[in-house]
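Let's take a friendly walk through a protein model, one stop at a time. Keep the structure open beside you as you read.

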Amino acid sequence: MSTTQVAQPMTGAEVDQLCINTIRTLSMDAVQQAKSGHPGTPMALAPLVYTIWNRIMRFDPQDPIWPNRDRFVLSNGHASMLLWSVLHLTKTQAVNAEYERLGHPSVTLDDIRRFRQLDSKAPGHPEYHWVSGVETTTGPLGQGVATSVGMAIAQKWLAARYNRPRFEIFDYQIYAVCGDGCMMEGIASEAASLAAHLGLDNLCWVYDNNHITIEGNTRITFTEDVATRFLGYGWNVLRVGDANDIDRIQSALEVFGKTKGRPTFLILDSHIGYGSPHKQDTAAAHGEPLGDEEVRLCKRSYGWPEDAKFLVPDGVYEHFAAGVGARGGQARRQWTELFAGYRVKYPALAAEIDQMQRRELPAEWDRNLPVFPADPKGLAGRDASGKVLNVLAQNIPWLLGGSADLGPSNKTTLTYAGAGDFQAESPGGKNLHFGIRENAMVAIVNGLSLSKLRAFGATFFIFSDYARPAIRLSALMELPTIFVFTHDAMGDGEDGPTHQPVEHLLSLRAIPGLTTLRPGDANEVVEAYRYIMQLRHRPAVLALSRQPLPTLDRKRYASAEGVAKGAYILAEAPGGTPEAILIATGSELSLAVEAHEKLLAEGIRSRVVSMPSWDLFEQQTQEYRERVLPPSVKVRVAVEQASTLGWERYVGESGRVIGMRTFGASAPLKELQRKFGFEPDRVAAVARELLGRT
Ligand SMILES: Cc1ncc(C[n+]2csc(CCOP(=O)(O)OP(=O)(O)O)c2C)c(N)n1
Ligand SMILES: [Mg+2]
C-alpha cells in the first residue's frame, strides 16, 4: 500500500480506529526519527487519549485558553507524543505569552518530524509556556497529578466566587493521566489524600496500569493494591480491563461525570508497546525507539501501510474536527454568550475574571499597605508579612493560599472577616489548609496559578527542600506563584540544626527565573510584596525571620523602596566615598547597621548595602550595580546566616563572608549568634582587620 491508499473508513468504529492508529504511528515514527523517546506508552494509551479528547472533553482547539475549558494533564510526561499527536490532529491553535492567538497551529507535522530537536514544538516532555495546549509541564513523575489537584481546587473556588443562578461560568473538569511512576512517587499520595478530603469530584485520574517501568515488571518494586489504597483515601475507584475498549473507557468517564462528592480514579489495564510483536509488555518498549523493522511489524499489526511515515490518513483531521472541534467550539460559543450576559448583570465580577485571565491586578491593589515606624524592638519578618498578606488578600479577591500546617507560625492565615477556610463544604474560602504535605502543596499552588489565581504556599524555610521540585517547575513554567518561607535562619534557635536552614538560600538562588528575597526589616517586607505582586511570569520566594528585627529609621537611612532593585545603599559613608562596604540580608541587616555606626564613631567610613535579592540586583544596569558596589572599594564584608558559597562574587578576593560553614546547633538564638559570629562587634572587627586598623 502506498501512503495515500488507506481505504476510506466505512463505519464509526473504523474511523475511531484510524484516529487511534494515527496517534500510535505518529508516536512511533517520531521516536524512531529522533532516535530517542518513549514509544510504548503512546501506543498503549492512544485509545484512552482519543476517547478523552474526542468524545468527552470540552476543549476548543480554536481557543486553547478559553477559561472554562476542561483540563488535560499528562502526568506521565515521557509519553509526550500522545499530547503532540492530539494537539496536532485537533489543529489546536498557538497562543503567545500575552494570551493572544497567533493564527497558526500549536504543533505542526513538521514539529513532530523534529520531535525532541531544538526549537521544535514537540519537545521531549510537555512544556507549558512553550507549547500552547499544554496545561502544565510534566516529566518529573508525580508532579502532574499533584498539580491537577490545584486545578481542581481552583475550579471549585472560581465556581464558588463567580457562578450565579443560571450563570455557570466555571464548571469545567480536570483529567490527569498517570502511570506506575506517578503512583509510586510520594507527592501523588499527598495530593490524592487531600483531593479526597476536599471532595474534588471535578477531578479524574486515569492510571495506566501496565505493570512496567524502566527496570522491568513492577513485581520487583510495586506490588501494593492501588485500588484499595485509593478507596482508603476516599476516591471513587473504577476499572477498565482493556485499554483498547473505548466504549468502556467512555462509560467510565461518564460515571466520573456523574459522581458527586469525591474524585474518580480509573484504573486502566494496558499493554505497553501494544501491537509490537517483540516488545509489547516489556520495559524495552518504554524508553527507546522500536527499531525500523519492529516499527514495520507494528504497522502491519495495525493494518497500516508499513512504509508510510508520519501519515495522517484522509478523514482523521476531519474526525477530530467533528468530535472535539465541534463539541468544544459549541461549548465555547455558548459560554461566550453566557459570559456576555453575565458581564451585563455582574460587571464587577466579569471585570475581575478579565483581569485575572490576563494576570493583571485590580485598581488600588496596594492601598492600605502598612508603613512601619522606626522601632528598635521591631517586628518579625513573618509578622510583617502576615499584616501585608491580609491587606493584599482583601484588595485582590483572587489572591489566596495557605500553609502546610504552619499557618499560625508562618503568619499566613487570612484573618479578616469573610476570608474563610477552603473546605469541601466551603469552596469559596481563601485559607487553604494543605496539611503536612509540602511536596504536594507547591504543585497544588502551581495548579492554582495555572488556573490564573494568585496563589501562595507557606512552610518553614528548612522544608523548602520538600517543596523544591515544584518550585523549580514553577520557575520553568514562568508562573507568578509566591512562596512564603519563615524561620529563615537560626531564629528558631532551640529547635536546632534540623530546623535551621543553611544551604537553602543558595540553592533557591540557583534556580533560573526564581526571585528569592530575604527582606531585612518590616518595611522591606512591604516592598518585597509590592514588587512580587507585580510579577506576571516569575515565581518568588520570601525568606522571612521568625524573630523580631529592628524596624530601621527610614529618615536616617534610605527608603526601603530600594528592595525592588535587589540591593541598595541603605547607609552611606560620610562624604559618599566608603572605605569599606558591609553587605547584609534579612536578620543580619541590623547587625551591619550597628557595626556601621560603631565604625563611624571610630572615624571609619563604611557603607551598608542591603541586598535582599541577588537575582533582582543582577537584573539592574551595570552602572547601578557599580554605584552600589564600586569596583574600587575592595574592603567588603558580607553577613548572612546561611552558606557562604557564592558570596565571593560580591565581596571579591579581598573581602570576607561571615556566614555558615557548618550546620547550626540547638540553643537560644543569642548564644548561637555569639557562637557563629553574628554580632555587630565581630562585623566591625572584620572590617577593621581588612582595613589593617586592628
Ligand atoms: C521523579 C522522576 N523520577 C524518575 C524519572 C525517570 N523516569 C521516567 S519514566 C520512568 C518510569 C516510569 O514508569 P511508568 O510511570 O510506569 O511509565 P510507563 O513506562 O509505564 O509508561 C522513570 C523512572 C522521572 N521522570 N521522574
Ligand atoms: Mg508503567
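Predicted model: local features only at pLDDT ≥ 70, side-chain atom pairs only at ≥ 80, totals over all residues.

Let's begin on the inside. The largest nonpolar core has 227 residues. Those with the most contacts inside this core are Trp-53, Phe-72, Trp-84, Tyr-162, Trp-205, Tyr-342 and Ile-583. Helix α5, covering residues 143-162, gives the core its largest share, 11 residues.

Pick out Tyr-162 from that list and look around it. Leaving aside neighbours within four places in sequence, Tyr-162 is in contact with Trp-157, Ile-169, Phe-170, Tyr-342, Leu-349, Glu-352, Ile-353, Met-356 and Trp-398. Notice Tyr-342 here, which is also among the core residues with the most contacts.

Now turn to ligand 1. How many residues surround it? The shell has 15 residues, and the closest are Thr-41, His-78, Gly-181, Asn-210 and His-286. By class, five residues of this shell are nonpolar, eight are polar and two are charged. Two elements, α6 (180-184) and β6 (212-213), each supply at least two residues of the shell.

An oxygen atom of ligand 1 lies 2.4 Å from an N or O atom in the side chain of His-286. For Asn-210, a polar side-chain atom is 2.6 Å from an oxygen atom of the ligand.

Next, find Asn-202 in the loop between α7 (186-197) and β5 (203-209). Is Asn-202 buried or exposed? Its relative accessibility is 2%, so Asn-202 counts as buried. A polar atom of its side chain lies 2.9 Å from the backbone oxygen of Ala-152. Ala-152 is also one of the residues that Asn-202 touches beyond four places in sequence, and others include Gln-155, Tyr-172 and Phe-256.

His-271 also sits in a loop, the one between β9 (264-269) and α10 (292-301). Its relative accessible area is 38%, so His-271 is partly exposed. Not counting residues up to four places away in sequence, His-271 touches Ala-44, Gln-280 and Asp-281. With Asp-281 there is a polar contact of 2.8 Å between the two side chains.

Leu-399 counts as buried because its relative accessibility is 0%. Its contacts beyond four places in sequence include Leu-389, Phe-456, Ile-482, Met-533 and Lys-430. Lys-430 is 31 residues away along the chain, and the C-alpha atoms of this pair are separated by 7.7 Å.

The last stop is Asp-521, in the loop between β15 (515-517) and α18 (522-533). Where does its 2% relative accessibility place Asp-521? That value is under the 20% limit, so Asp-521 counts as buried. Setting aside neighbours within four places in sequence, Asp-521 is in contact with Pro-550, Thr-551, Leu-552 and Arg-554. With Leu-552, the backbone nitrogen lies 2.9 Å from a polar atom of the Asp-521 side chain.

Methods: Residues numbered from 1 in each chain as written. Chains lettered and ligands numbered in written order. Heavy atoms only, no water. Core = buried A, V, L, I, M, F, W, Y, C linked by side-chain atoms within 4.5 Å. Buried < 20%, exposed > 50% of the residue type's maximum accessible area, 1.4 Å probe, protein only. Helix = DSSP H or I, 4+ residues; strand = E, 2+ residues; numbered from the N terminus. Contact = heavy atoms within 4.5 Å. Near = heavy atom within 4 Å. Polar contact = N/O pair within 3.5 Å; in protein donor to acceptor, adjacent residues only side chain to side chain. Nonpolar A, V, L, I, M, F, W, Y, C, P; charged D, E, K, R; others polar.
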